[in-house]
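Have the viewer open as you read.

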Amino acid sequence: MSQLALPLPLSPPSFAAADFVPDASNEEALRWLAAPDRWPMGRLVLAGPPGTGKTHLLHIAAAAQGWELRQGPALRGLPPLPARGLALDDADAPAEEAALLHLLNACAEAGLPVLMAAAAAPSRWRIALPDLRSRLAATAVAMTGEPSDALLEALFAKHLADRQLALEPGLAAFLRARLPRSAAAMAEAVARLDHAALASGRRLTRRAALAALAPLLGDASETSPEPALPAGPALL
């Protein structure tokens, strides 16, 4: 009998510097982060597809420089000035645009660096305030791209470790080779595998893993007499 998968809280992912893997896809971002004193206007935006390391880099830079970590969707009113610098995740989704404008102006007046992460360059953000659009237009942008095969393999292994999910020997490589080549697919796949493992209450077999990943694998999945798990919505 299958166990009911309860919505148990997951351990937070590791954002340690030692867990970050340099790659051609993040080389540009690493160059910019190595010299914050050279950022035009003291600001930099990390932009790129989901799962390409923007938040990880944000945490690494904040820890190394002593900058305060904040979230764009939490910005309201008149946010307090950070002590040494600001690292802002989801900067393209501020709760109040005026709050982000105030924070950028305050940091500029105090000579404090601002590092932001977003899914796209500021020119593609939906910003209504003309003054905020002007500030963002003058901000440097460092892009992160889709990872190499070696980094995709490392990301898949990291997501498994973050969720403390063990697979049969060789199964991780077998699955990873059949998944779409994107960082977001690696995270989504491990989330589905984790959900399936919790539901079954035992280590996943190859067939069970393929069934759980069927929505991602498409024609690459193998047919199996075992009943497939419901696809359900995206888990990330």
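1. In which strand is Val45 found? Val45 is found in β1, strands being DSSP runs of E with at least two residues and helices runs of H or I with at least four, numbered from the N terminus. Before going on, note that this is a predicted model, where local features need pLDDT of at least 70, side-chain atom pairs count only at pLDDT 80 or more, and totals for chains, interfaces and linings use all residues. Residues are numbered from 1 along each chain as its sequence is written, and side-chain values use heavy atoms, leaving out hydrogens and water.

2. Val45 has 0% relative accessibility and therefore counts as buried (under 20% relative accessible area, with a 1.4 Å probe and protein chains only). Beyond its neighbours within four places in sequence, Val45 is in contact with residues including Met116, Pro122, Trp125 and Val141; contact means heavy atoms within 4.5 Å. The C-alpha atoms of Val45 and Pro122 are 7.8 Å apart, although 77 residues separate the two in sequence.

3. The structure holds one aromatic pair (ring centres within 6.5 Å, using the six-membered ring of Trp). Trp39 and Trp67 have ring centres 5.7 Å apart and planes at 65°, so the pair is edge-to-face, a term for planes over 60 degrees apart. Trp39 sits in the loop between α1 (27-33) and β1 (43-47), and Trp67 in the loop between α2 (54-65) and β2 (68-71). Both Trp39 and Trp67 are buried.

4. Finally, look at Arg206, which lies over the face of Phe174, 3.8 Å from the ring centre (CZ of Arg within 6 Å of the centre and within 35 degrees of the ring normal).

Conventions. Rings of Phe, Tyr and Trp (its six-membered ring) pair if their centres lie within 6.5 Å; planes under 30 degrees apart count as stacked, over 60 as edge-to-face and the rest as tilted. Buried means under 20% relative accessible area, exposed over 50%, partly exposed in between (1.4 Å probe, protein chains only).
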